[in-house]
Amino acid sequence: MQILLVEDEVSLSNAVKTILERSGYFADTVYDGRTAVEYATGFVYDLIILDVMLPELDGFEVLRILRQKSVAAPVLMLTAKSTVPDKVTGLNAGADDYMTKPFHPDELLARVGALTRRKGSVVINELTYQDLTLNVNSALLTCCGESVQLSKKEFEVLKVFLYNPTMIVTVEMLINKVWGVDSDATDNNVEVYISFIRKKLKYLHSKVAIKKIQCLGYRLEEAKC
Ligand code: CA
């Protein structure tokens, strides 16, 4: 279950991410409205947790843009404000639920559970593409009966591709998702891990390759024999 968490208070974002991940969800964190739109339209999420007061674009504006672009993921809005006009604005803009800060972790998990169940999603234990299967609990990558263990970073990088197998994934997205927006990671770090994964794909004789798309990023492709 993949969740996009949009919250500009880093300490709260970290706390919510930890709560979600301990309960078996994956959470991508972004810290401003513009990046939220980029992620929510570029990747598929089971739920978006969206703060109202954000830099660049506020949460209501983000929500309006997402609904205009037909992003159907349920949205749980977070805000420090508990006034009725704010709630009405959020629900009118297409939010599915609303939660006032501060909140108890149990309340968060109950609402997340209700919203993701409502959509009928199931917890994903495996990601598959072509001849590859990635076990998201063990980080074991399997192809035609052969398996190889991925390191944590290799796993995180490959997961981004397998969630979005037909999409061009930019270096910036990989850095934000795998290393974090405030990290010092560069294109070189990404290139190194992509090369590690390529070696493992080769070892498994997989038909899947990670192709570099010049100036844009990377995408999964069927390897040319
Ligand atoms: Ca905020």
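First, the conventions. The model is a predicted one, in which local features need pLDDT of at least 70, side-chain atom pairs count only at pLDDT 80 or more, and totals for chains, interfaces and linings use all residues. Residues are numbered from 1 along each chain as its sequence is written, and side-chain values use heavy atoms, with hydrogens and water left out.

Let us begin with strand E1, residues 2-6. Helices (H or I, at least four residues) and strands (E, at least two) are DSSP runs, numbered from the N terminus. Is E1 enclosed or open? Five of its five residues are buried, so E1 is largely enclosed by the rest of the structure. Here buried means under 20% relative accessible area, exposed means over 50%, and partly exposed lies in between, with a 1.4 Å probe and protein chains only. In a regular strand the side chains alternate between the two faces of the sheet. In E1, Gln2, Leu4 and Val6 lie on one side and Ile3 and Leu5 on the other, and both faces are covered.

Which strands pair with E1? Two strands pair if DSSP finds at least two bridges between them. E1 runs parallel to E2, residues 26-30, over five bridges, and also parallel to E3, residues 47-51, through four bridges. Val6 stands opposite Val30 in E2 and opposite Leu50 in E3. Together with helix H1, residues 10-22, E1 and E2 make a right-handed β-α-β unit; right-handed means that, with the strands pointing away from the viewer, the path from the first strand over the helix to the second runs clockwise.

I turn to the metal. The calcium ion is coordinated by Asp8 (OD), Asp51 (OD) and Met53 (O), at 2.1 to 2.3 Å. Asp8 lies in the loop between E1 and H1 and Asp51 in strand E3, 43 residues apart, so that this pair links distant parts of the chain. Donors are N, O and S atoms within 2.8 Å of the metal (3.2 Å for Na, K and Ca); water is not among the atoms, so sites may look incomplete. Asp8 counts as partly exposed because its relative accessibility is 29%, whereas Asp51, at 2%, counts as buried.

Next, the domains. Domain 1 covers 2-119 and domain 2 covers 126-222, with bounds from an automatic or database domain assignment. Their centres, taken over C-alpha atoms, are separated by 26 Å. Contact, meaning heavy atoms within 4.5 Å, involves 10 residues of domain 1 and 11 residues of domain 2. The area buried between the domains is about 1100 Å², and carbon and sulfur atoms give 58% of it. Phe26, Tyr39 and Phe43 supply 49% of the area that domain 1 buries against domain 2, more than any other three residues. Buried area is the accessible area (1.4 Å probe) that two parts lose on being put together, summed over both.

Finally, helix H7, residues 171-179, has eight of its nine residues buried. Its buried residues, among them Met173 and Trp179, pack against several elements, including E1, E2 and strand E11 (217-222). Gly180 follows H7 and has a positive phi, near 100°. E11 itself pairs with E10, residues 208-213, in the antiparallel sense over six bridges, and Ile210 stands opposite Leu220. The two strands form a hairpin with three residues between them, and Cys215 in the turn has a positive phi of about 70°.
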